[in-house]
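Student: Hi! Could you walk me through this one with me?
Tutor: Happy to; let's bring it up.

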Amino acid sequence: MTAEEQARADIVEVGRRLWERGYVASNDGNISVRLDETRLMTTPKSVSKGFMTPDMMVVTDLEGKKISGQRDPSSELKMHLEVYRNRPDARAVVHAHPPTATGFAVAGIALDRAVLAEVITTLGSIPIAEYATPSTEELPAAVRKYVKAHDGLLLANHGALALAGDVMSAYYRMETIEHFAKISLVARTLGRENILSRDEVERLQGLRGMYGIASPAPICADPATRPGSLRAGDTNSEGQLECQIVQAPDSDERLVAHRISESFKQSGDSADQIRLTYRELTALIEDALRALK
Ligand SMILES: [Zn+2]
């Protein structure tokens, strides 16, 4: 099998898995693979990704212009081209609408809390690229800001995007995003999400090197503990984020703020105004006990 035949077969297989897992409905989703320095192979438009055959694929140049194939590429290919322009290491892109991750994208909730060790070590965080009309130039522009520092993105009110060095790995990243979204949803439904501490996040980031996990960017540091390192919101000259924002509290702030805010949420008060560390909470309890005596 030539490399090109392999790419056709892999795209068919990834499409089948996306459909089988319910990550796409109707003709949603698109997959692409970088064949060489000048050509891409991508899925055709107006076809269910669950039932493609190898001969349906379209070969284009890096501007999206068709080189060969009976069918036409998806209008969402522009978003893939933007990924390849910004990430020379990306050899494949998978775009789908997995329901739970897309639900987070619709709710405007990024998957950026430090709750799962394996997500911290692999994807880091999954931010939300701002809403853009699908198939317009707005969409690549929204993706551009995040794609330098992330291998997985949510697209506001739309879906998710994953990239990797090969198409199966890009697909597995899509699985990880949806799995992480499902777990986050269950934890939030249960009413509690115990978040890993900033120290633990830094330990996990250290493991990336040990296991040879190539991450596009480091996790943004807490400027108080690591002055001089990249901080949340730092961008390069083109306005692209340079580090991954992961929500992880300092150790003595852990849990308390969240638990209290949850109980306030139930009583209908604003949850955002509660900021308590363990130390402050302990002091409040001690005061209350003293008053009781
Ligand atoms: Zn889409």
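Tutor: A definition to begin with: helices (H or I, at least four residues) and strands (E, at least two) are DSSP runs, numbered from the N terminus. Residues are numbered from 1 along each chain as its sequence is written. This is a predicted model, where local features need pLDDT of at least 70 and side-chain atom pairs count only at pLDDT 80 or more, while totals for chains, interfaces and linings use all residues.

Student: Tell me about H6, then. How many residues does H6 have, and how far does H6 reach?
Tutor: H6 has 24 residues and reaches 35 Å from its first C-alpha to its last, close to the 34 Å expected. That expected span is 1.5 Å times one less than the number of residues. Its buried residues include Tyr 171, Arg 173, Glu 178 and Phe 180. After H6 comes Gly 191, with a positive phi near 95°.

Student: Switching to the sheet: what's the strand order?
Tutor: Eight strands form an open sheet, S4-S3-S2-S1-S5-S8-S7-S6, with mixed pairing. The edge strands, each pairing on one side only, are strand S4 (66–68) and S6. Two strands pair if DSSP finds at least two bridges between them.

Student: In what sense do S6 and S7 pair?
Tutor: Parallel, over two bridges. Ile 128 stands opposite Leu 154 in S7.

Student: Last topic: what's the average pLDDT?
Tutor: The chain averages 88, and 88% of the residues score at least 70. pLDDT is the predictor's confidence in each residue, from 0 to 100.

Student: Where does pLDDT stay under 50?
Tutor: One such stretch is residues 254–261, for which the model has 17 contacts beyond four places in sequence. Residues 269–273 are also below 50, with four contacts beyond near neighbours in sequence. Where pLDDT is low, the predicted coordinates should not be read in detail.

Conventions:
Contact = placed C-beta atoms within 7 Å. Buried ≥ 20, exposed ≤ 12 C-beta atoms within 10 Å, placed from the backbone.
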